[in-house]
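Student: Could we go through this structure together? I would like to start with the strands.

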Amino acid sequence: MQDAPPDARPDLTVLVPLYNEAGNIAALTREIAQVLEGGPSFELIYVDDGSADDSAQEARAALAEIADGKLLQHERRAGKSAALWTGFKAARGRWIQLLDGDGQNDPADTRRLWDEIIAPGADPELGLIAGRRRTRNDGGVKWLSSRLANGIRRAALRDDSTDTGCGFKLIKAEAARDLAYFGGMHRFLPALVKRAGYTVIETPVNDRPRGAGVSKYGFFGRLGAGIADLLGMMWLVRRGRYGRVRE
């Protein structure tokens with residue numbers, strides 16, 4: 001993957017994948033801009049993954065108020081991992097903040113972690129700060145499927161991640177571009193970043209009630225896809241790590 005152009009490179013890219021999130025986008029955009037004001041220079045990228053509602057129109061209107069923002073659109077739905085990969089390729093920031101489009105992730109956590117960890121000078125080996133939700137605002141089915149998936153994945157991959165389903169992740173851009181792409185990669189970012197030779201830390205973050213719309217996940221779809229992807233991940237991590245160079 002080619003690096004984005006270095007000209008006027010912002011400190012941070014806020015990357016938000018969207019699928020039928022109309023009603024949440026305008027408020028989230030305003031909140032991101034407000035929270036990051038006076039902090040890191042940033043760009044905001046929305047990736048619309050073939051939404052059937054007014055997500056693209058709402059994002060385009062909201063981004064008109066942002067100094068550095070863009071909307072990327074998939075011609076048809078390709079999944080969350082594909083949306084993230086599209087964003088990774090377009091991102092110009094040195095770090096990339098992943099937020100879900102439903103408003104459940106709190107942008108205030110981005111500013112807090114930037115001020116506490118990144119701005120003072122993060123460990124050069126740090127590749128990912130993964131969110132761990134303090135409380136859950138999901139229904140019982142989603143909570144149960146997440147608990148099962150986390151337990152099975154942690155035992156199989158030994159990635160030490162307790163809440164990989166949390167959409168809040170702050171990832172170094174060079175680490176994001178070192179990852180192996182596949183359709184379910186978003187479920188395994190901590191393990192993939194570790195495999196690429198970076199360190200991962202986990203920190204408590206807020207989880208808020210969804211704004212508009214409904215969850216896009218169900219128990220059998222999430223569990224079935226997760227198990228199939230897990231088998232592939234088990235093979236991948238056992239094929240060795242990357243060789244990283246120290247200058």
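Student: Which residue in β6 does A130 stand opposite?

Tutor: A130 stands opposite K169. This is a predicted model, in which local features need pLDDT of at least 70 and side-chain atom pairs count only at pLDDT 80 or more, while totals for chains, interfaces and linings use all residues. Residues are numbered from 1 along each chain as its sequence is written, and side-chain values use heavy atoms, leaving out hydrogens and water.

Student: How many bridges join β5 to β6?

Tutor: Three bridges join β5 (residues 126–133) to β6 (residues 169–172), and the two strands run antiparallel. Strands are DSSP runs of E with at least two residues, and helices are runs of H or I with at least four, numbered from the N terminus. Two strands pair if DSSP finds at least two bridges between them.

Student: What is the order of the strands in the sheet?

Tutor: Seven strands form an open sheet in the order β3-β2-β1-β4-β6-β5-β7, with mixed pairing. β3 and β7 stand at the edges with a single partner strand each, so one side of each has no neighbour in the sheet.

Student: New topic: which side chain meets R92 at 3.3 Å, N to O?

Tutor: That is E43, in a salt bridge (a side-chain nitrogen of Lys or Arg within 4 Å of a carboxyl oxygen of Asp or Glu). R92 lies in the loop between α3 and β4 and E43 in strand β2, 49 residues apart.

Student: Is E43 buried or exposed?

Tutor: E43 is buried, with a relative accessible area of 1%. Buried means under 20%, exposed over 50%, and partly exposed in between, with a 1.4 Å probe and protein chains only.
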